[in-house]
Amino acid sequence: MRGIVMAAPGDVRVEEREDPKIIKPTDAIIRLTATCICGSDLWPYRGVEPVNHTPMGHEYVGVVEEIGDEVKTLKVGDFVVGSFVISDNTCEICQAGYQSRCVHAEFVSQTIGTQAERARIPFADGTLVATPGHPAPDLIPSLLAASDVLGTGWFAAVAAEAGPGKTVAVVGDGAVGLMGVLAARQLGAERIIAMSRHADRQALAREYGATDIVEARGDEGVARIKQLTNGLGAHSVIEAVGTHESMMQAIRATRPGGHVGFVGVAHEGVSLPADELFFSEVHLHGGPAPVRRFLPHLIQLIWDRKINPGKVFDLTLPLAEASEGYKAMHERRAIKVLLSL
Ligand SMILES: [Zn+2]
């Protein structure tokens, strides 16, 4: 089968990879219908994370082609959406809603790589969720978004306790930040402040439910959030970048007693000052999103056409042109690139 491999930073190739096979009785083999490029795929692309002939991709929707003997909830021919982390969905951690830290957790990105024609998904019952039927083609981008960016933005909003009566600020206007805006709206937030300085992303943020836009960043951005909240700060802040600056901006924009939901992958250089944290009196909750927790609900919202997260894909390319997709995202010409098969 064909699959995307990153040979070295900036070097994205379509290569012939070995066809996946059932190894364990809990596995399923899926044929991908669509996949995409994640903001986190840009870390190795830019040489920030090591990469050496690595199979790429961790977002996916597709059709079940083959199942192991112990797979019970899926059958051949089902259309499925999967999480970017493998989970059994039965251990104590999964049952508590943290499937991304399952005792059997495995990241789809480093070993499996779903920027490919087919993929082997371990713990298929605990990782994949079947849709009510085969989706109309226009629903596919939204279902694909549920696999990571929507689930991640949703977790961030839940972790930040977005809800009725709350003012929510969102740091980061990439796909995940925009999904955080959508999630905060769905969870009933009263006011949603999107922090963005790009006109196209501001427009999408407004469409997804943002009531205010703040262009300022850093301390100036924090001052602006305080101005908009009677000097108190937001009740809920979603952090969707992962740098030291964005984390500090999120913490400082949160009122005492408020909540920060952080889902930007933290990289080297993020160090939180304990003394400032001590006096901030904010709740911090984040990490790799347990997308599997939210998948059944998100699939239903998409199926009923109540949300349209697929609009974050502003460029679609065939899998064979993945290299151009990486370049477009790296150069910020695209918010998120869908790869069709
Ligand atoms: Zn588990």
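Begin with the largest nonpolar core, which has 106 residues; a nonpolar core here is a set of buried Ala, Val, Leu, Ile, Met, Phe, Trp, Tyr and Cys residues joined through C-beta atoms within 7 Å. Select V168, A169, V170, M179, V181 and I193, the residues with the most contacts inside this core. The core draws at least three residues from each of domain 1 (2-148 + 290-340) and domain 2 (152-286).

Before going further, note that this is a predicted model, in which local features need pLDDT of at least 70 and side-chain atom pairs count only at pLDDT 80 or more, while totals for chains, interfaces and linings use all residues. Residues are numbered from 1 along each chain as its sequence is written.

Next, keep M179 selected and display what it touches: leaving aside residues up to four places away in sequence, these are V149, L150, T152, G153, W154, P309 and V312, where a contact requires C-beta atoms, placed from the backbone, within 7 Å.

Now colour the two domains, whose bounds come from an automatic or database domain assignment: domain 1 covers 2-148 + 290-340 and domain 2 covers 152-286. Their centres, taken over C-alpha atoms, are separated by 26 Å. Across the boundary, 14 residues of domain 1 are in contact with 14 residues of domain 2. The side of domain 1 that touches domain 2 has nine nonpolar, two polar and three charged residues, with Asp, Glu, Lys and Arg counted as charged, Ala, Val, Leu, Ile, Met, Phe, Trp, Tyr, Cys and Pro as nonpolar, and the others, Gly among them, as polar.

Move to helix α8, residues 199-208, and pick out its buried residues, R201, L204, A205 and Y208. Seen down the axis of α8, these buried residues fall within an arc of 105 degrees (taken from the directions from the helix axis to the C-beta atoms), so they line one face of the helix. They pack against α7 (175-186), β12 (191-195) and β13 (212-214); helices (H or I, at least four residues) and strands (E, at least two) are DSSP runs, numbered from the N terminus.

Finally, select S280 in helix α11 (residues 274-280). Is S280 buried or partly exposed? It is partly exposed, with 19 other C-beta atoms within 10 Å, since a residue is buried at 20 or more such atoms, exposed at 12 or fewer, and partly exposed in between, with C-beta atoms placed from the backbone. The C-alpha atoms of S280 and T254 are separated by 8.4 Å, although the two residues are 26 residues apart along the chain.

Notes:
Two residues are in contact if their C-beta atoms, placed from the backbone, lie within 7 Å.
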